Amino acid sequence: RWLRDEAARQQPGVRFVSSRLLSRPRVGERAVLYRIVMDVPTDAGRVRVFLDVLGFQRGRSIVTLGFSNIGAPLPGQLVLARNVAARTR
């Protein structure tokens with residue numbers, strides 16, 4: 001809800017298409033991966049924006065990574081998350 005309200009305040013006309021839990025990837029001791037899909041108005045029309053939020057815990061550290069792209073989700077998220085987790089205490 002917070003993200004929807006903030007996006008509407010920052011960019012009037014933003015429409016949330018979906019928001020869901022994708023998986024619980026094997027990164028750290030606990031992890032979640034959410035995908036949010038929005039249609040954002042531009043001068044040239046609407047564009048579809050994908051926002052993936054990957055959060056994980058390793059030891060006492062909690063890390064949140066955000067990945068956004070226009071048109072399609074970004075690949076390689078788990079590879080990056082595992083590299084970050086390997087350097088987290």
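This is a predicted model: local features need pLDDT of at least 70, side-chain atom pairs count only at pLDDT 80 or more; totals for chains, interfaces and linings use all residues.
**Exercise 1: The overall layout**

Work out how many helices and strands the protein chain has, and in which pattern they follow one another.

*Solution.* Start with the count: the chain contains two helices and four strands. To finish, picture the space they take up: the C-alpha atoms fill a box of roughly 45 × 25 × 20 Å along the principal axes.

**Exercise 2: Confidence**

Find which element has the lowest mean pLDDT and which has the highest.

*Solution.* Then turn to the elements. Helix 1 (residues 2–10) has the lowest mean, 84, while strand 4 (residues 61–70) has the highest, 96.

**Exercise 3: A look at D39**

Decide whether D39 is buried or exposed, and name the side chains with which its own side chain makes polar contacts.

*Solution.* First, locate the residue: D39 sits in strand 2 (residues 30–42). Second, check its accessibility. The relative value for D39 is 7%, and the cut-off for buried is under 20%, so D39 counts as buried. Third, look for polar partners. The D39 side chain makes a polar contact with the side chain of R15 at 2.6 Å, and another with the side chain of R48 at 2.9 Å. Finally, widen the view: leaving aside neighbours within four places in sequence, D39 is in contact with G13, V14, R15, V17, R46, V47 and R48.

Note on methods:
Residues are numbered from 1 along each chain as its sequence is written. Side-chain values use heavy atoms; hydrogens and water are left out. pLDDT is the predictor's confidence in each residue, from 0 to 100. Buried means under 20% relative accessible area, exposed over 50%, partly exposed in between (1.4 Å probe, protein chains only). A polar contact is a pair of N or O atoms within 3.5 Å; within protein, one must be able to donate a hydrogen and the other to accept it, and residues adjacent in sequence count only if both atoms are side-chain atoms. Contact means heavy atoms within 4.5 Å.
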